[in-house]
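Work through the two exercises below with the sequence and the 3D structure at hand. Each task is followed by a stepwise solution.

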Number of protein chains: 2
Amino acid sequence: MDTLVEDVHFDLHWHPPEKLGRKAVAVNVSDIAAMGGLPKFIFLSLGLPGQFDPVWVDRFTEGISGACREHDCVLAGGDTVRSREGILITVTVIGEMPADQVVYRSGARPGDEVWVSGTLGRAAAGLEICRSGIKTDPGEMQTLVEAHLDPRPRISLGRLLAGNKVAHAMMDLSDGLATDLSHLCQQSGVGAVVYAAELPALPVLREAADLLNRDPLDLMIRGGEDYELVFTAAAAAGTRIAKLGQQAGMRLSRVGTIVDRQGVRLILPAGGTNGPDEVDISFTGFDHFPQE
Amino acid sequence: MDTLVEDVHFDLHWHPPEKLGRKAVAVNVSDIAAMGGLPKFIFLSLGLPGQFDPVWVDRFTEGISGACREHDCVLAGGDTVRSREGILITVTVIGEMPADQVVYRSGARPGDEVWVSGTLGRAAAGLEICRSGIKTDPGEMQTLVEAHLDPRPRISLGRLLAGNKVAHAMMDLSDGLATDLSHLCQQSGVGAVVYAAELPALPVLREAADLLNRDPLDLMIRGGEDYELVFTAAAAAGTRIAKLGQQAGMRLSRVGTIVDRQGVRLILPAGGTNGPDEVDISFTGFDHFPQE
């Protein structure tokens, strides 16, 4: 179950209604994928201000329906209410899977390797591009914007990793690797070491980071909403995992190791004289309730 | 799935957090009860403004937990997000029942009798009392306020009516009898006649209506949120239904008849010379999006 609040989680200035509808389903389906399940039923609550555009609502619900068809699930109920201000979207997804294959966040063990699917920092860079007002060509830079507007949940991959019982712990990357991996480690009672040099990124991410005057590494470890999967598995499972990645058509990268010592530490490629070669990045990602 | 928006659906000036938590569960469980099912799993999404009172949140979640225990269901997931303004509550309930016993809104047939559980207009009068600022004694008038603050879903009754296959169509009264019965009739392709003289009310409702300068009949037919059940059944089932009502400990009243002619008409007790003795009350209840 996830709620999206206008101007907190989305901005209508750049988010087309169809893609917002698709995203509202995708971010929820992603939670099911992260346990290894298949989505079955969708429930939608839509809050609308006193004055709303019925065409917008039609296009939004088309996005919801399209995503349901694509993910093979059924819109089974919901509610429409008046909001005080702005649009409110809450989606609940019910999924299904064999009980003995469910993958939780709590199963990581010291010695496990940490894997991520796809590439990181795309959605965060895409959001920054939207915010900046920079016009992008329909080329590679646009893939970053699309990652923000229309994320794809990793259902097949999650199912394969769970069905083949290779993932010890798994979750989806919604708040950024630093925060999400911290949650996984906390719930498993372990820590992790992550190698900056191993973090997967599209080549265009560096280009975008330059344009936005942002550190690409920061986008990769603290940027939210990529909805890729992070999971841990025995070191011996590497070859098998690579094959499952091919089967799902997903790039998979080994980015770190689970350790006894609590916390998530990032190992930088070169420890220069002016900085640490290891930084604690535990819970340093996106926060909807920043300290003031 | 139902969403409650602060200052649209509830007012923190008079709604204690525990009771609001209980109500957020109750209004959803009521939808399950109205099909004849038993609630199993609850999902809660809570939207909070940037500045919120953690004590309020604790008390609210106590109300949620208490209602889950009372209704024998499990809080199985949810989300916490930042709202732009005010508190947002969305609850999804998943229920369970034998597939061949599910009661829909679409099964009403001409000749059926229309029944309602409990008494009507309580919650609307209670809300008006809260709004007016009138102080009520902890006596009968307070039962009206409690009906608004802490409604009770009719789970046992719904289960009995469905399990014994006596209800042809059923729904819960959330928007008022006029609107809800109109929905039921529309989905069944029929109409209804309702007898004003048969509508059940607590004696204190008239007293409250006088105090509030409101028509008690208007509170009964247009007042929302009583969360009683309205259902239709064959005329021959009357005795059986009366017994099921006793079993569930609920007063049941026969208030009308299903007819071929579309629309919901209210028959007034005495057709005076100055007014009609029959009025069309189709879809004349509470509306969250009033025409301006």
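Helices (H or I, at least four residues) and strands (E, at least two) are DSSP runs, numbered from the N terminus. This is a predicted model, in which local features need pLDDT of at least 70, side-chain atom pairs count only at pLDDT 80 or more, and totals for chains, interfaces and linings use all residues. Residues are numbered from 1 along each chain as its sequence is written, chains are lettered from A in the order in which they are written, and side-chain values use heavy atoms, with hydrogens and water left out.

**Exercise 1.** Determine which residues of helix H7 (residues 203-212) of chain A are buried.

Solution.
1. Buried means under 20% relative accessible area, exposed over 50%, and partly exposed in between (1.4 Å probe, protein chains only).
2. The buried residues of H7 in chain A are A:Val204, A:Leu205, A:Ala208, A:Ala209 and A:Leu212.
3. These residues lie on the same side of H7(A), because they cover an arc of only 145 degrees around the axis. The arc is that of the directions from the helix axis to the C-beta atoms.
4. A:Pro203, A:Arg206 and A:Asp210 are exposed on the other side of H7(A).
5. The cover over the buried residues of H7(A) includes helices H3 (122-132), H4 (140-149) and H8 (216-222) of chain A, where contact means heavy atoms within 4.5 Å.

**Exercise 2.** Locate A:Asn213 and B:Asp7, and state the phi of A:Asn213 and of B:Asp7.

Solution.
1. A:Asn213 sits in the loop between H7 and H8 of chain A.
2. Its phi is near 60 degrees, positive although the residue is not glycine.
3. A:Asn213 counts as exposed, at 70% relative accessibility.
4. B:Asp7 belongs to the loop between strand E1 (2-5) and helix H1 (17-33) of chain B.
5. B:Asp7, also not a glycine, has a positive phi of about 70 degrees.
6. With a relative accessible area of 42%, B:Asp7 is partly exposed.
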